[in-house]
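Here is a model to read closely. Take the sequence and the coordinates together, then work through the questions below.

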Amino acid sequence: MMNKQGRPTDINTAANLSPGGVTTHTGNRGLEQDELLIYEIGDTQRTGVDLEDLPVFESRLGGITRDNEIGLAGLSEPEVMRHYTRLSRKNYAIDMGLYPLGSCTMKHNPRINEKVARLPGLADIHPLQPISTVQGALDLMDRLAHWLKTLTGMPAVAMSPKAGAHGELCGLMAIRSALDKRGENRTIVLAPESAHGTNPATAALCGYKVKSIPANKAGRVDLPALKAALGPDVAAIMLTNPNTCGLFERDIIEIADAVHAAGGYFYCDGANFNAIVGKVRPGDLGVDAMHINLHKTFSTPHGGGGPGAGPVVLSEALAPFAPVPYVIHGKDGFEMVEHVTGGAESFGRMTAFHGQMGMNIRALAFMMSHGSDGLARVAEDSVLNANYVMASLQDIMTLSFEGPCMHECLFDDRFLEGTGVTTLDFAKAMIDEGYHPMTMYFPLVVNGAMLIEPTESESKQSVDQFIGALRHLVTQAKLGNSALFTGAPYLAPLKRLDETLAARNPVLRWRKTD
Amino acid sequence: MRYLPLSPTDRTEMLEKIGVTEINDLFSDVPTTALLKDHVDLPGHMPEMAVDREFRAMAEKNMPAGSVAFFCGAGAYRHYVPSTVDHLIQRGEFLTAYTPYQPEISQGTLQALYEFQTQVAQITGMEVSNASMYDGSTACGEAVLMARRASRKKKAILSGSLHPQYIEVTRCATKFTEDITLINPPSVYLVDDLIDQIDEETSCVVVQNPDFFGNIQDYTKLAEALHAQKALLVVVVTEVVSLGAVRSPGAMGADIVVAEGQSIGNGLTFGGPYVGLLATRQKLVRTMPGRVCGETVDADGKRGFVLTLSTREQHIRREKATSNICTNAGLCTLAFTIHMTLLGEKGFRHLARLNHAKAVQLADKISGIDGVEVLNKNFFNEFTVALPMDAAEAIERLADMKILGGVPLSRLYPNDPDMKNRLLVAVTETVTEEDMDRLVCALKELVK
Ligand SMILES: Cc1ncc(COP(=O)(O)O)c(C=O)c1O
């Protein structure tokens with residue numbers, strides 16, 4: 001075939017090859033470039049740094065030296081630039097498009113946050129330099145603590161947990177410490193079936209058995225079942241609110257009261273705080289402890305899997321058990337309590353040094369930029385966007401639970417029945433449309449879950465285009481065009497990857513072959 | 001509000017489509033008593049420029065390491081990070097991606113992780129590595145839990161020359177588990193009698209190399225004694241640059257190596273975020289915590305990478321998972337691997353030797369001061385100094401002279417009178433000869 005300019009329309013015609021033949025010498029396709037491993041590009045001789053010459057010295061390593069080759073591959077600086085730039089282009093990212101990964105809150109990451117996090121006065125300070133030389137850093141931590149306490153309506157906050165799951169551990173350890181002090185040996189933690197995997201995993205790390213609470217038809221905790229499960233052996237309930245189906249737990253105050261009446265504590269998983277920030281204070285709901293993923297609600301970049309931060313707000317009853325370190329106001333400025341000393345009830349230390357300062361900086365910049373008015377808007381717009389998606393798709397996809405939803409909406413795979421297309425296939429076809437798929441197969445309370453969280457960062461045009469793409473895909477699935485899905489993605493850097501093979505025969509590193 | 005694209009018209013149209021009249025209709029499930037009527041009592045939104053100004057003001061109240069002669073270490077080290085590293089990790093495709101759950105559109109992150117895992121395995125002298133833990137200290141706690149799973153025994157013995165905060169973190173991580181942790185008192189002079197403490201209930205012994213006080217040890221005999229009891233050797237490394245010059249834990253027979261990877265690619269940032277490394281033997285991978293990236297092929301047979309062995313993890317195994325970790329240290333691993341690739345074998349080894357050479361230089365200078373003693377027989381880039389005065393007080397006075405002279409051990413062992421006069425001094429490639437002379441001069445003044 002020839003185009004309007006009389007030239008061939010595809011590379012196979014041009015090269016006189018049959019379709020599917022080898023089309024380029026390099027295997028690249030224009031801007032889509034393959035990239036080898038550093039070990040296949042570089043070698044142990046090459047380097048991308050120039051270091052000063054060694055002074056004359058006598059080794060004091062005590063003869064315990066490393067003499068054999070390590071095998072590290074080096075690249076020169078231009079090669080490094082190119083290697084990682086090429087790799088970066090194989091990633092989807094929030095900077096490229098809507099990232100509807102439910103429960104993960106993939107929102108815009110403002111660059112002023114990156115800028116201030118790199119100020120030498122904040123980035124280039126050592127965790128153990130004299131307290132008198134880091135007053136600004138302690139001020140920053142104290143300010144962030146104030147914002148977190150005010151937004152949640154809670155009296156205390158532990159700042160050192162390194163991510164959400166670490167925060168859960170902090171909260172449950174505070175609860176267990178409080179119960180131990182009361183002399184009570186409670187053994188069970190209740191968690192709804194829809195709970196995130198970190199909740200039961202955390203409870204187990206605190207020595208608790210996990211008992212699952214079923215959901216009711218409305219996608220919330222089944223209150224009678226919960227009440228029946230409560231008793232003198234229950235230490236706590238771990239409940240996400242808004243929950244992992246994207247719904248506000250209507251009975252939350254009653255749940256909290258019931259748990260308290262039975263002598264237990266209420267741990268709230270705050271991963272979904274984005275939906276209610278500035279609108280509802282968890283402290284008004286009877287929460288005893290809640291972690292806040294700064295890398296979700298407060299926009300510290302996910303960075304391909306972290307780092308995050310998971311400060312935990314605590315009630316009056318749990319505050320004395322908070323881990324060290326923490327900042328206090330002393331007579332000559334800020335001080336830091338770094339040790340558990342005589343009589344103190346702190347349950348100990350969860351990490352070396354003081355937590356995720358780099359994330360604290362970014363989160364505080366995000367909060368101050370929005371202010372109390374902007375944060376309430378964050379919650380409202382995120383909820384508005386999610387409900388708009390729900391309203392625009394519920395006629396052709398199957399909504400799991402009646403709305404309104406909070407900041408994310410949950411569909412299941414009933415609409416795909418008989419199409420030969422699974423949730424996984426559907427998700428992979430979204431990749432061809434230029435989107436990162438939604439969270440799939442979580443929560444576990446519905447079949448083939450698709451949890452969509454657009455966040456407040458999306459414009460109406462963006463959400464409309466996304467809705468259009470999903471409607472198109474649903475229509476194609478229902479028309480029987482299953483090949484569009486089962487072979488997807490077709491247009492990504494790689495076709496579908498064989499995860500079974502990876503797990504059966506784990507190859508976790510490069511090795512020299514020959 | 002610059003971050004919020006919806007216009008008032010958009011909002012009206014969207015509410016209409018949804019079929020409600022006002023935004024609070026969407027919050028109808030919130031108990032009315034709990035829905036706030038007003039904004040919380042915090043300042044209103046701010047222009048970007050004002051935010052910038054506020055943070056500069058806070059930053060100015062600190063004394064950045066780069067503005068002074070700087071000798072602090074104790075588990076966090078100031079190295080020069082090439083500009084390329086920070087430039088690359090700020091590419092939006094890396095910075096603003098999630099954990100690589102969808103491998104077809106996450107090969108950038110995944111391949112970098114695979115290369116990272118290879119580098120970590122190589123420098124530790126181990127077979128495999130995971131895709132990171134939060135930091136070195138939490139990785140240490142996880143290693144003790146892992147050793148229990150691998151050995152099916154519960155008693156962990158911790159060396160007294162392990163970083164005291166790592167001891168605290170491990171104690172805390174095992175506080176409510178079935179593990180028993182036996183903690184030795186601190187010993188500046190390598191007098192642990194760890195081998196004698198091993199018995200048939202021992203799951204592992206945890207040691208550090210170079211240890212907290214800077215001493216280097218060969219743990220080969222300890223490894224042999226442990227293996228004879230079917231127990232594991234866990235080696236902690238808080239200064240990974242040392243691995244370019246000091247015999248690797250793998251070569252000593254370590255079963256699990258955990259390290260703080262901050263030195264490579266990552267700045268000090270007041271203690272975090274850092275990057276925990278955890279490496280082990282291939283046969284123990286299924287007891288390992290955390291995410292791990294593995295090689296596979298796509299439907300066309302092309303090589304690609306995925307997160308794998310997830311049946312160990314919380315999202316599949318829930319309460320039976322090997323760890324509760326989910327988000328780890330993603331971007332810090334990227335910084336680590338980029339910096340390590342820039343260094344390569346040559347650069348990494350040279351960097352290690354340079355650190356050691358400068359530390360030797362300073363140790364010799366300090367030893368020449370009357371009344372001041374370097375306590376280490378051997379060391380890498382950090383050593384313990386005994387002063388004839390309170391070390392914390394000395395450090396305050398040095399700070400007044402724009403010298404951050406090290407970490408007084410009383411900061412970490414507040415109740416130990418033996419530590420009162422001791423100072424931990426670290427020297428990296430960033431230290432100049434002039435910095436050293438300033439410290440030595442000032443110390444001479446102080447102890448006169
Ligand atoms: C509901 C919920 N809980 C807990 C977590 C764990 O948080 P993190 O990944 O920060 O440890 C997540 C994150 O994925 C989550 O979605």
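The questions and answers below concern a predicted model.

Q: What share of the 448 residues of chain B counts as buried?
A: Chain B holds 14 helices and 15 strands. Its C-alpha atoms fill a box of roughly 80 × 55 × 50 Å along the principal axes. Buried here means under 20% relative accessible area. By that cut-off the buried share of chain B is 68%.

Q: How far apart are the mean positions of the positive and negative charges of chain B?
A: The accessible surface of chain B is about 14700 Å², and carbon and sulfur atoms own 50% of that surface. For the charges, chain B has 44 positive and 56 negative ones. Their mean positions are separated by 4 Å.

Q: Which strands stand at the edges of the open four-stranded sheet in chain A?
A: The order in chain A is β10-β11-β13-β12, with antiparallel pairing. An edge strand has a single partner, so one of its sides lacks a neighbour in the sheet. In chain A those strands are β10 (398–399) and β12 (439–440).

Q: Which helix packs on that sheet of chain A?
A: Start from the β12(A) side: β12(A) pairs antiparallel with β13(A), residues 450–452, over two bridges. Met440(A) stands opposite Met450(A) there. The packing helix touches β10, β11 and β13 of chain A, and its direction makes about 30° with that of β11(A). It spans residues 357–393 and is α11(A).

Q: What angle does helix α12 of chain B make with β12(B)?
A: Chain B has an open sheet with the order β11-β12-β15-β14 and antiparallel pairing. β11 (373–374) and β14 (407–408) of chain B each have a single partner, so they stand at the edges. Two bridges join β14(B) to β15(B), and Pro408(B) has Leu423(B) as its bridge partner. Helix α12(B), residues 330–367, packs on this sheet, touching β11, β12 and β15 of chain B, at an angle to β12(B) of about 10°.

Q: Is Met359(A) buried or exposed?
A: Met359(A) lies in helix α11 of chain A. Leaving aside neighbours within four places in sequence, its contacts include Leu294(A), Pro307(A) and, from chain B, Pro273(B). Its relative accessible area is 4%, so Met359(A) is buried.

Q: How far apart in space are Met359(A) and Ala376(A)?
A: Met359(A) belongs to helix α11(A). In sequence, Met359(A) and Ala376(A) are 17 residues apart. C-alpha to C-alpha, their separation in space is 21 Å.

Q: What is the relative accessible area of Thr96(B)?
A: Thr96(B) sits in the loop between α4 and α5 of chain B. Beyond its neighbours within four places in sequence, Thr96(B) contacts residues of chain A, among them Tyr99(A), Met106(A) and Arg111(A). Thr96(B) is buried, with a relative accessible area of 0%.

Q: How many of the eight residues of helix α8 in chain A are buried?
A: Helix α8(A) covers residues 198–205 and is mostly covered. Its buried residues include Thr198(A), Pro200(A) and Leu205(A). Gly207(A), with a positive phi near 80°, follows the helix. The buried count for α8(A) is seven.

Q: How many residues link β8(A) to β9(A) in their hairpin?
A: Strands β8(A), 326–330, and β9(A), 333–337, run antiparallel and are joined by five bridges. Gly330(A) stands opposite Gly333(A). The hairpin connects the strands through two residues.

Q: Which residue is joined to Pro325(A) by a cis peptide bond?
A: Pro325(A) lies in the loop between β7 and β8 of chain A. The omega of this bond is near 0°. The residue is Val324(A).

Q: Is Lys230(B) buried or exposed?
A: Lys230(B) is in the loop between α9 and β6 of chain B. Its phi is positive, near 55°, though the residue is not glycine. With a relative accessible area of 67%, Lys230(B) is exposed.

Notes
Residues numbered from 1 in each chain as written. Chains lettered and ligands numbered in written order. Predicted model: local features only at pLDDT ≥ 70, side-chain atom pairs only at ≥ 80, totals over all residues. Heavy atoms only, no water. Pairing = 2+ DSSP bridges. Contact = heavy atoms within 4.5 Å. Axes fitted to C-alpha atoms, helices over the stretch in contact; angles between N-to-C directions. Buried < 20%, exposed > 50% of the residue type's maximum accessible area, 1.4 Å probe, protein only. Areas by Shrake-Rupley, 256 points an atom, 1.4 Å probe, with all protein chains shown as cover. Lys, Arg positive; Asp, Glu negative; His and termini not counted. Charge placed at Lys NZ, Arg CZ, Asp CG, Glu CD.
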